[in-house]
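Visitor: Could you walk me through the side-chain pairs and strands of this model?
Guide: Gladly; let us look at it together.

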Amino acid sequence: MTQSTNNEHTDKAGFETRAIHAGFEPDEMTGAVIPPIYATSTYKQDGVGGMRGGYEYSRSANPTRTALEGALAAVEQGERGFAFASGLAAEDTLIRSLTGPGDHAVIPDDAYGGTFRLFDKVAKVWGLDHTPAAVSDVEAMQAAIVPGRTKLVWVETPTNPMLTIGDIEALAAVAHDAGALLVVDNTFASPYLQQPLVLGADVVVHSTTKYVGGHSDVVGGALVVRDLEIADKIAFHQNSMGAVAGPFDAFLTHRGLKTLGVRMDRHCDNAEKVVEFLTGHAKVAEVIYPGLASHAGHEIAARQMKRFGGIVSFRVTGGEQHALDVCARAEVFTLGESLGGVESLIEHPGRMTHASVAGTDLEVPADLIRLSVGIETIEDLLADLDRALA
Ligand code: P1T
């Protein structure tokens, strides 16, 4: 049941080796190379309290989930990983593990709409208030801290959907100076491109629904930490709140994680070509991608990310209706929410993923389109965009 013992021989290995081997040794009885799906809710005890390997009940721990959690810790270079039923379940568990009524959090003024809704409509009712600030502006993030009350400085980098970049090292210093913890939602970069714990972050959050799972066939979330006291609080709340990843979901997520490196490289290759195609296109007003030298966060992104990712946002020249039309005309790019799967997706954040931030500080431009560039043949993706924009 302990995770770190499974990772001993992979601790110093390269990223892909960790992604493929950490968290699981071939099954002792059968030699199975892949963690079996332990579809069991409970475990036989050898006399009261005589647990085999520490397994007692599958909300508390399940071997398929343990394997995934060990692998997640290894790819983020953390000590403990925790797998949840969704990204938002992971976030909710984290918030309750590390804050209480009367506390305060600094959150991005540009974030996934569901994350904002969790802070604004759920955590606030519970007594945790928040101040949005720009993740790209370290001084603004610092100014938003309420001395003595701020427990979390929470960022996404790159953000969803504006792809704003936050300087993880600088933000960690600011948070720690104020006695707060830095939480980084690493969903857009994935652990292959960026490892926030190495840069000083205290907690990494993932919607594993996205690049980690990678095939749009499972919803899940994760938390990874280095500090064992924080880990104990999360472990207690994971079990007490119960929003865990089930064994089938843990299996699919773990299977996806093994190919993260090769998939991300192709996502990045294709995204770079899409950016090149959109830049200067007559119907495109602005292309937003941290890999562009003109992007305000380019230098920081180049320092803290291996490459710049598979998400490209852009604004069209003809306003909201034009953006909606482009979304409707695309064919290879499937119109749908979510991101990070092998297939390309297109969406209108204002009406779809970020509808819950309409009328708030986090509202997104109406002429904005977000692409999750998949790993299909690049010529087909470019031809599709050309048709959709025409
Ligand atoms: O959907 P879920 O697995 O609960 O994860 C929530 C979440 C958390 N953080 C980020 C950065 C996210 O992008 C998401 C989910 N986002 C979408 C569904 C989307 O289309 O943007």
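**Salt bridges and strand pairing**

Guide: The side chains of lysine 124 and aspartate 120 meet in a salt bridge, 3.3 Å from N to O; the term asks for a side-chain nitrogen of Lys or Arg within 4 Å of a carboxyl oxygen of Asp or Glu. This is a predicted model, where local features need pLDDT of at least 70 and side-chain atom pairs count only at pLDDT 80 or more, while totals for chains, interfaces and linings use all residues. Residues are numbered from 1 along each chain as its sequence is written, and side-chain values use heavy atoms, with hydrogens and water left out.

Visitor: In which helix do lysine 124 and aspartate 120 both lie?
Guide: Helices (H or I, at least four residues) and strands (E, at least two) are DSSP runs, numbered from the N terminus. The two residues are 4 apart, about one turn of the helix. Both belong to residues 113-126, helix α4.

Visitor: Is aspartate 120 buried or exposed?
Guide: Buried means under 20% relative accessible area, exposed over 50%, and partly exposed in between (1.4 Å probe, protein chains only). Lysine 124, at 41%, counts as partly exposed. Aspartate 120 has 14% relative accessibility, so it counts as buried.

Visitor: With which residue does arginine 303 form a salt bridge?
Guide: The closest N and O atoms of this pair are 2.9 Å apart. Arginine 303 is exposed, at a relative accessible area of 55%.

Visitor: Which residue forms a salt bridge with arginine 370?
Guide: Arginine 370 is buried, with a relative accessible area of 2%. The closest N and O atoms of the pair are 3.2 Å apart. Arginine 370 lies in strand β12 and its partner in strand β11, so the pair ties together parts that are 23 residues apart in sequence. The partner is glutamate 347.

Visitor: How many bridges join strand β11 to β12?
Guide: Two strands pair if DSSP finds at least two bridges between them. Strands β11 (residues 345-347) and β12 run antiparallel, and isoleucine 346 has leucine 371 as its bridge partner. The number of bridges joining β11 to β12 is 3.

Visitor: What is the bridge partner of phenylalanine 314 in β12?
Guide: Strand β9 (residues 311-316) pairs with β12 in the antiparallel sense, over 5 bridges. Strand β12 (residues 368-372) is mostly covered, with 5 of its 5 residues buried. The partner of phenylalanine 314 there is isoleucine 369.
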